[in-house]
Each structure stands twice: as structure tokens, then as C-alpha cells.
Amino acid sequence: MKTREEAINYCLNLENTYEDYPFKDKNWTLMRHKESKKVFAWIFNREEHIWINLKCEAGWLDFYRQNYPSIVPAFHLNKEHWNSLILDGTIPEEVITDLIRRSYNLTNQKK
């Protein structure tokens, strides 16, 4: 996965999701749950790559950051709950899709 379109399409294949552009800056695509409107993925272009901010379980944040140089503390979000994935071709596809699903599940939990 390397493009905004691939990321958006993968997210739209998850149940009850939609894409949103709530800011004047159209660089930011937010993927949300239809019912709660909670964001589970922030997709944007930065430094000539597509980035995706994803929520991650606290115990796994550092694991991903240490094992994948293109997974870093989240740009513009709480770094204790979110990671940024830089889609530069170095993160395996299955890791990207797994992290998107995890973020989707974490933000879909009823409180």
C-alpha cells in the first residue's frame, strides 16, 4: 500500500465506515465509523509520502516504532495512543492492514 486511494479503499471495505474531509486543507482525509463518527485513520501527504495516523494499543506502540523505521510517533496526535505509518514501501502490506484493523477496532469500542 503506497497511495492515498489504496488506503482509503482498504478503510472503506471495513464495516460501516466513510471518508471525511472536515478541514479547509484537503490534504487531510479522515476515515470514520458511521455510527459514532469516531476517526480511526488520518490519511495525509507529508514529505512526499502518504502517511496514516492509526490508534494503537499502548503496549504495542514502541514495538512497532522499534521494528519499523517508517512507523513513528503520530504526527499531530497524542503520541501515547497513535502512531504514524509512512507508506514508503518498507512496511509489509500485512502489517499495514493489521494496524488499520486494530485502529478500527480500538476506536469502535463502546465506552
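**Charges**

I looked up the charges first. I found 16 positive and 16 negative side chains in the protein. The centres of the two sets lie 8 Å apart. For this count Lys and Arg are positive and Asp and Glu negative, while His and the chain ends are not counted. Each charge is placed at NZ of Lys, CZ of Arg, CG of Asp or CD of Glu.

**Ground rules**

I noted that this is a predicted model, in which local features need pLDDT of at least 70, side-chain atom pairs count only at pLDDT 80 or more, and totals for chains, interfaces and linings use all residues. Residues are numbered from 1 along each chain as its sequence is written, and side-chain values use heavy atoms, with hydrogens and water left out.

**Overall fold**

I went through the secondary structure next. The protein has three helices and six strands. Along the sequence I read the pattern α-β-β-β-β-α-β-β-α. The radius of gyration is 13 Å, close to the 13 Å that the globule rule gives for 111 residues, so the protein is as compact as a globular protein of that length. That radius is taken over C-alpha atoms, and the rule is 2.2 Å times the number of residues to the power 0.38. Helices (H or I, at least four residues) and strands (E, at least two) are DSSP runs, numbered from the N terminus.

I also checked the box. The C-alpha atoms fill roughly 35 × 30 × 25 Å along the principal axes.

**Surface and burial**

I looked up the accessible surface. The total is about 6,400 Å². Carbon and sulfur atoms hold 49% of that surface. The areas come from the Shrake-Rupley method with a 1.4 Å probe; for residues, only the protein chains shown count as cover.

Buried residues make up 44% of the 111 residues. Buried means under 20% relative accessible area, exposed over 50%, and partly exposed in between (1.4 Å probe, protein chains only).

I then turned to contacts (heavy atoms within 4.5 Å). Of those with a separation of 6 or more, 46% join residues 24 or more positions apart.

**The cores**

Which residues touch the most other members of the largest nonpolar core? I found Phe40, Ile52 and Ile100, in a core of 25 residues. Such a core is a set of buried Ala, Val, Leu, Ile, Met, Phe, Trp, Tyr and Cys residues joined through side-chain atoms within 4.5 Å. At least two residues each come from helix 1 (4-12), strand 3 (39-46), strand 4 (49-55), helix 2 (61-67), strand 6 (82-87) and helix 3 (93-107). Helix 3 gives the most, with five residues.

Beyond its neighbours within four places in sequence, Ile100 contacts Met1, Tyr10, Cys11, Leu14, Phe40, Ile52 and Leu54.

There is also a second, separate core of 10 residues. Its members include Phe44, Trp51, Trp82 and Ile86.

I found Val72 in strand 5 (residues 71-73). Val72 is partly exposed, at 22% relative accessibility. Val72 and Trp82 are 10 residues apart in sequence, and their C-alpha atoms are 9.1 Å apart.

Phe75 sits in the loop between strand 5 and strand 6. Phe75 is partly exposed too, with a relative accessible area of 24%. Again leaving out neighbours within four places in sequence, I listed Trp28, Phe44, Arg46, Trp51, Asn53 and Ser84 as contacts of Phe75. Asn105 is 30 residues along the chain from Phe75, and 21 Å separates their C-alpha atoms.

**Positive phi**

I checked two loop residues for phi. Glu47, in the loop between strand 3 and strand 4, has phi near 55 degrees, a positive value in a residue other than glycine. Glu47 is exposed, at 55% relative accessible area.

His76 lies in the loop between strand 5 and strand 6. Phi of His76 is near 75 degrees, also positive in a residue other than glycine. His76 is exposed, at 62% relative accessibility.

**Lys34**

My last entry is Lys34, in the loop between strand 2 (29-33) and strand 3. Lys34 is partly exposed, with a relative accessible area of 46%. Apart from neighbours within four places in sequence, Lys34 contacts Asn16, Thr17 and Tyr18. Glu15 is 19 residues from Lys34 along the chain, with 8.9 Å between their C-alpha atoms.
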